[in-house]
Amino acid sequence: MIKPILRKIAELQCKHPITMLILVLIITAVLALGITSLEVQSDFDKEQPRQLPAYIMTDRISDEFGGENTVVLVFEVDENDENNLVDLRDPSFVNFLIDFEASLKQDSRVISTSSIGTTMQSSPPETRQDILNFMKQVPQTNALYSEDYRMTILTITTNIGGAYEDVVPFEEMLQDKMKSVDYPGGVKYTMTGGPAFGKTIRETVFS
């Protein structure tokens, strides 16, 4: 069935090569015009079956109380930095988190924040020993660090949604606020969470 069809197509191409070439060029040009209007939806929440009862209720709750998205900043010791930071139980880093969170809460897109800085905001540490003593008194704070204390997270609850055009300005805001409160040396960070995933997927698809 397939072979006879392919044979006829091949015969047609041999008999009318110029016509086939022109036809291919026309089709290619039409497809090229369509590429300019190509859009990628990076907010996967909008692709969900919104007509289902569970999603209808979720939309109603979001309308009443505001939608929320979680952005997570993962901080870790930068092995390539010359600061020789032992771990993140460091007063300069914890005080940075305290100031950074205070600055973040001034932005209307930020609902709440949570980190080791949140727990110590009422008693900012002056020395490393202050942090060790606090963590000994409040052992639950150990869960905010990795086992070797060289990694910790800052969780930011936001209302930015997952759209690319909202996530990019939010990330730029984070960077500006970090610089304004003296981002400590020897520390690097990575942004993750739902909005960050959508941003990464969109940029990967377009590249």
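A search of the whole structure, which is a predicted model, turns up four salt bridges. Two of them meet at Asp 87. On one side, the side chain of Asp 87 pairs with that of Arg 89, with 2.8 Å from N to O. On the other, the side chain of Asp 87 pairs with that of Arg 128, again with 2.8 Å from N to O. Asp 87 sits in the loop between strand 1 and helix 4 while Arg 128 belongs to helix 6, so this second pair ties together parts that are 41 residues apart in sequence.

Arg 128, with a relative accessible area of 30%, is partly exposed. Another of the salt bridges joins the side chains of Arg 109 and Asp 107, at 2.9 Å from N to O. Here Asp 107 is buried, with a relative accessible area of 14%, whereas Arg 109 comes out as partly exposed at 24%. As a general point, side chains of opposite charge can pair when their charged atoms come close.

Asp 78 is buried yet has no salt bridge, and the nearest side chain of opposite charge, that of Lys 188, is 4.6 Å away. Asp 78 is found in the loop between strand 1 and helix 4. What does its side chain have close by instead? A polar atom of the Asp 78 side chain lies 3.0 Å from the backbone nitrogen of Asn 80. Setting aside neighbours within four places in sequence, Asp 78 touches Gly 186, Val 187 and Lys 188.

Gly 186 lies in the loop between helix 7 and strand 4, and at 3% relative accessibility Gly 186 is buried. Beyond neighbours within four places in sequence, the residues in contact with Gly 186 are Glu 76, Val 77, Asp 78, Asp 81, Asn 83 and Leu 85. The C-alpha atoms of Gly 186 and Asn 80 are 8.1 Å apart, though 106 residues separate the two along the chain.

Stepping back to the whole chain, there are eight helices and four strands. Read along the sequence, they follow the pattern α-α-α-β-α-β-α-α-β-α-β-α. Of the 207 residues, 31% count as buried. Among contacts with a separation of 6 or more, 75% link residues 24 or more positions apart. The exposed surface comes to about 13500 Å², with carbon and sulfur atoms supplying 57% of it.

Which residues touch the most other members of the largest nonpolar core? In this core of 33 residues, they are Leu 73, Phe 75, Phe 100, Ile 156 and Leu 174. At least two core residues come from each of strand 1 (69-77), helix 4 (91-104), helix 6 (128-137), strand 3 (151-158), helix 7 (164-180) and strand 4 (187-193). Helix 4 gives the largest share, seven residues. In soluble globular proteins, nonpolar side chains tend to be buried together.

Apart from neighbours within four places in sequence, Leu 73 is in contact with Phe 100, Thr 152, Ile 153, Leu 154, Ile 156, Leu 174, Met 178, Tyr 189, Thr 190 and Met 191. Among these contacts, Phe 100, Ile 156 and Leu 174 are also listed with the residues that touch the most other core members.

Lastly, two loops hold a backbone feature worth a look. Tyr 149 has a phi near 65 degrees, a positive value in a residue other than glycine, and is placed in the loop between helix 6 and strand 3. Asp 182 has a phi near 60 degrees, also positive and also in a residue other than glycine. Asp 182 belongs to the loop between helix 7 and strand 4, the loop that also holds Gly 186. Is Asp 182 buried or exposed? With a relative accessible area of 63%, Asp 182 is exposed. For background, most residues other than glycine have a negative phi.

Terms used:
Residues are numbered from 1 along each chain as its sequence is written. This is a predicted model: local features need pLDDT of at least 70, side-chain atom pairs count only at pLDDT 80 or more; totals for chains, interfaces and linings use all residues. Side-chain values use heavy atoms; hydrogens and water are left out. A nonpolar core is a set of buried Ala, Val, Leu, Ile, Met, Phe, Trp, Tyr and Cys residues joined through side-chain atoms within 4.5 Å. Buried means under 20% relative accessible area, exposed over 50%, partly exposed in between (1.4 Å probe, protein chains only). Contact means heavy atoms within 4.5 Å. Lys and Arg count as positive and Asp and Glu as negative; His and the chain ends are not counted. A polar contact is a pair of N or O atoms within 3.5 Å; within protein, one must be able to donate a hydrogen and the other to accept it, and residues adjacent in sequence count only if both atoms are side-chain atoms. Accessible areas come from the Shrake-Rupley method with a 1.4 Å probe; for residues, only the protein chains shown count as cover.
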